[in-house]
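This report describes the pockets of the structure shown below and the residues that line them.

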Amino acid sequence: MSNVTMKTRIQEGKQAREYLKGIKNKRILIVCDKFLSENGAVTYLTDILCSGNAVELFDKAIPDPTIQVVGSGLCMMYQVKPEIVIGFGGGSAIDTAKGIIYFSMVKELVKKPLFIAVPTTSGTGSEVTQASVITDPDNKSKHLISSDEILPDVAVLDPTLTLSVPQAVTANTGMDVLTHALEAYVATGANAFSDAMAEKSIELLLKSLLGCYKDGNDLKARTRMQEASTLAGIAFNTAGLGINHSIAHQLGGTFHIPHGLANAILLNHVIEYNCTSQEIMNKYAALAVKVQLAEAKEDSRDAVKAIKGLITALMRCMKMPESVMELGIDRMEYEKQLKNMVDNALMDACFATTPTKIAGPGIQKILLDIYEGRESGRKG
């Protein structure tokens with residue numbers, strides 16, 4: 001049985017924020033980071049919201065939002081008792097808003113607010129998912145929480161908000177989109193609906209990611225990437241993810257490697273490991289044909305090579321590191337954290353839908369291989 005839920009109303013385009021004009025006489029809490037509040041970007045929201053609304057700002061969101069930050073937001077949530085929460089920013093800001101809402105519901109602090117997500121990057125797909133990733137700095141780990149309560153009610157997709165995103169962030173978030181689509185396509189929860197979303201996401205990404213990287217002001221390319229991000233989010237919200245994300249969460253929680261970059265470094269290694277299952281290799285091959293990276297008559301292994309070649313080419317065109325070592329992380333310190341990263345990856349929520357069975361030794365081998373960029377392929 002397949003379960004497909006798409007509750008989020010999507011307002012898309014340069015005029016998408018017009019939807020906000022209809023909000024009147026409400027208590028509103030905007031969640032963003034300090035940068036967006038101090039540089040005036042948050043006026044994108046406050047200028048269009050009716051003056052009759054009571055608007056409060058929580059601007060303590062940080063990359064890899066922590067339990068402590070969410071706790072601080074909970075205090076403000078209890079004080080304001082908002083009828084509407086707006087998550088404004090990249091994935092971390094929207095995840096912070098989700099964490100605040102989630103624990104507010106668990107603690108029964110407030111009635112469930114209407115939740116509006118307004119992304120300023122194209123990567124996480126958080127505006128259409130019921131998941132949030134919160135970091136525990138003491139344990140050097142990331143934890144995924146999942147609940148229908150934190151699936152946004154409305155997503156406001158305005159590509160003009162992404163025009164100023166720097167090249168490195170464009171690269172990292174773009175590869176996060178590709179990872180979402182690829183993992184969702186082979187995840188154990190995949191179905192015809194999630195497959196269609198993943199395929200279209202990759203099709204749009206192939207037409208737009210490098211364009212966004214080379215010219216950040218290319219509105220057509222930015223629009224396509226925003227659509228690709230949202231489609232990939234819908235895909236993995238339905239199908240699940242896999243060990244690529246399970247391991248990436250630990251790399252981020254332990255060494256603060258940007259999430260999209262961690263995913264990109266892992267991607268070819270995880271694909272190679274997953275292809276120890278002929279069934280999964282064939283599915284990757286079918287995807288390669290669908291997005292015109294390979295022809296139907298090609299051998300599955302060659303079709304998978306085309307996908308892996310594409311990933312390598314994209315990373316090199318966008319000047320992305322291809323190994324952990326290139327990030328300046330000390331090998332001894334890295335190896336000291338291996339057991340903790342392996343243990344936490346096995347407990348990560350994304351692990352449940354990984355398509356090819358893997359245990360601790362297999363995850364450790366992938367972690368060791370990505371340090372210098374060697375490719376893994378054996379089961380473990």
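By class, the lining of the largest pocket is made up of 21 nonpolar, 20 polar and five charged residues, where Ala, Val, Leu, Ile, Met, Phe, Trp, Tyr, Cys and Pro count as nonpolar, Asp, Glu, Lys and Arg as charged, and the others, Gly among them, as polar. The model is predicted, so that local features need pLDDT of at least 70 and side-chain atom pairs count only at pLDDT 80 or more, while totals for chains, interfaces and linings use all residues. Residues are numbered from 1 along each chain as its sequence is written, and side-chain values use heavy atoms, with hydrogens and water left out.

A pocket is an open set of points on a 1 Å grid over the protein atoms alone, where a 1.4 Å probe fits, with protein on both sides within 12 Å along at least five of seven lines; lining residues have an atom within 4 Å of a point. Points are joined across faces, edges and corners, and a volume is the space filled by probe spheres set on them.

| Pocket | Volume |
|---|---|
| Largest | about 1100 Å³ |

Of the 46 residues lining the largest pocket, G90, G91, S92, T121 and T173 lie nearest its centre. Among the elements supplying at least two lining residues each are β4 (84-89), α4 (91-106) and α5 (167-186), and α5 gives the most, with five; helices (H or I, at least four residues) and strands (E, at least two) are DSSP runs, numbered from the N terminus.

The second largest pocket is lined by 15 residues, with S146, F236, N237, G240 and L241 nearest its centre. Its largest share, four residues, comes from α7, and its lining has eight nonpolar, seven polar and no charged residues.
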